[in-house]
Amino acid sequence: MDDRAGCPANERFDPFGPAYLADPYPTFAAVREETPAFYSDELGMWVVTRYDDCATVMSDTDRCSARNAQDPLLPFGPRATAVLQDGFGFVPTMTNLDLPEHTRIRKHNLTAFSNRRVAELEPVIRDITTSMLDSMLAEPRFDWVSGLAFPLPITVIFELLGFPDSDAEMLKAWTTERLVMLFGRPTDDEQVRVATNMRDFWGYCVDFVARRQRDRSDDFTSALLDIHDADNSAISIQELTSVIFGLSIAGHETTTNLLTNTLWLLLRHRSQWDEVCVDPSLIPGAVEESLRFDSSVNAWRRYSLVDIELGEGVTIPADARILVLLGSANRDPRHFDGADRFDIHRADARRHLSFGKGIHFCLGAPLARLEARVVFEELCRRAPDLILADQEIRFAPIISFRGPTELVLERG
Ligand code: HEM
């Protein structure tokens with residue numbers, strides 16, 4: 001247990017408060033200067049705020065474990081626990097697995113998630129983007145999130161895994177709302193609903209893997225099964241099924257929020273939007289700067305195995321849960337010049353920590369970057385006159401993922 005006596009605290013940190021959810025950056029700036037690391041009573045976690053300390057905690061596998069990365073923020077109640085005890089067989093595979101087992105599983109995933117497989121998705125992503133834009137841009141006013149940013153990444157990840165198109169609607173219904181379960185404070189009823197969806201989706205993944213064992217295709221699941229068949233100690237069927245289950249979360253709302261945050265930022269910095277529309281080669285830089293400036297994953301978790309001394313002599317005790325404020329690290333003026341300035345020409349934007357650091361560095365980063373590039377190439381070409389409608393921007397009450405739940409747009 002944490003020894004909290006004498007721990008630094010910071011009253012400003014109110015991670016579920018409306019002001020923080022709407023714009024956490026003033027809080028990040030203040031806590032980063034006042035208390036580089038502090039204990040949050042509300043979360044029962046140590047919070048780390050500065051770039052160097054965040055990078056250390058994320059990447060130091062001798063002193064920090066990733067075992068809590070997928071734990072629910074609040075323990076599940078008895079009703080949701082009962083649902084999950086009834087046939088939910090998920091086991092840690094990557095994000096929340098430590099060395100040495102992590103290396104075994106990640107190595108095989110890198111093989112299956114090859115550059116070739118990601119590159120082959122480009123025409124698929126372009127086709128899906130084109131058809132979603134055709135529908136949206138036919139309207140004078142539309143919501144970007146429900147029209148493209150939400151359905152596109154989930155359609156792409158299902159294509160990668162090999163799920164049939166005919167199951168898409170059912171799968172979408174099962175796989176939404178899970179973020180609030182892991183990173184928010186769901187009500188008891190919400191917990192039961194999401195737990196039931198998780199259990200049903202797990203059952204779907206088990207059946208799907210069994211089908212693919214009999215009938216292979218050219219997809220990620222078949223590639224992992226080939227690795228299993230060649231050496232069944234490489235990755236078990238339960239681990240493989242857990243990878244499939246996990247990727248459907250990892251590859252989904254992270255990218256929804258990337259697509260939404262990037263567009264929201266560009267439209268609020270109109271001259272930079274205009275530049276990108278004139279010269280699409282600026283798109284990758286704009287995406288990287290959006291990941292730095294307002295990341296879709298602005299906090300991640302670790303667990304201290306021993307006492308960890310951070311900058312300015314703050315020591316996080318052993319056996320503590322840690323929240324690493326990636327979004328604060330990305331705005332640390334010790335690391336980025338003019339850190340609060342959004343600048344698509346920034347040369348070092350790619351040094352952001354939004355995809356993590358070290359052995360757990362996001363496996364899907366190339367796919368997320370590809371999706372964003374293709375979407376903005378198509379959007380900028382077709383709708384350079386896009387403007388933001390008058391609206392109140394809202395965010396889900398969760399501590400790790402950030403992006404507007406709706407973004408209403410109009411043609412100028
Ligand atoms: C903008 C989009 C995304 C962001 C911001 C993001 C962010 C992250 C972060 C912060 C981590 C933890 C890194 C660490 O612990 O050091 C992570 C890990 C991971 N991400 Fe992503 N992610 C994104 C998209 C994706 C996509 C599209 C996929 C899959 C298709 C994916 C799959 C994974 C996996 C499998 C891991 C665990 C890797 C490991 O533990 O070895 N992510 N991601």
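At 22% relative accessibility, Arg199 is classed as partly exposed, a class that lies between buried (under 20% relative accessible area) and exposed (over 50%), with a 1.4 Å probe and protein chains only. The model is predicted: local features need pLDDT of at least 70, side-chain atom pairs count only at pLDDT 80 or more, and totals for chains, interfaces and linings use all residues. Residues are numbered from 1 along each chain as its sequence is written, and side-chain values use heavy atoms, with hydrogens and water left out.

Arg199 forms a salt bridge with Asp200, that is, a side-chain nitrogen of Lys or Arg within 4 Å of a carboxyl oxygen of Asp or Glu. The count of salt bridges comes to 37. The table gives some of them.

| Pair | N to O distance |
|---|---|
| Arg199 and Asp200 | 3.6 Å |
| Asp218 and Arg116 | 3.8 Å |
| Glu122 and Arg126 | 2.9 Å |

Asp218 is exposed, at 53% relative accessible area, and Arg116 is partly exposed, at 41%. Glu122 and Arg126 lie 4 residues apart in helix α6; helices are DSSP runs (H or I, at least four residues), numbered from the N terminus. Both residues belong to a salt-bridge network that also includes Asp134 and Arg373.

The ligand has an iron atom, whose only protein donor is Cys362 (SG), at 2.3 Å. Donors are N, O and S atoms within 2.8 Å of the metal (3.2 Å for Na, K and Ca); water is not among the atoms, so sites may look incomplete. Cys362 is placed in the loop between α17 (326–329) and α18. A polar side-chain atom of Arg106 is 2.7 Å from an oxygen atom of the ligand.

Notes
Polar contact = N/O pair within 3.5 Å; in protein donor to acceptor, adjacent residues only side chain to side chain. Helix = DSSP H or I, 4+ residues; strand = E, 2+ residues; numbered from the N terminus.
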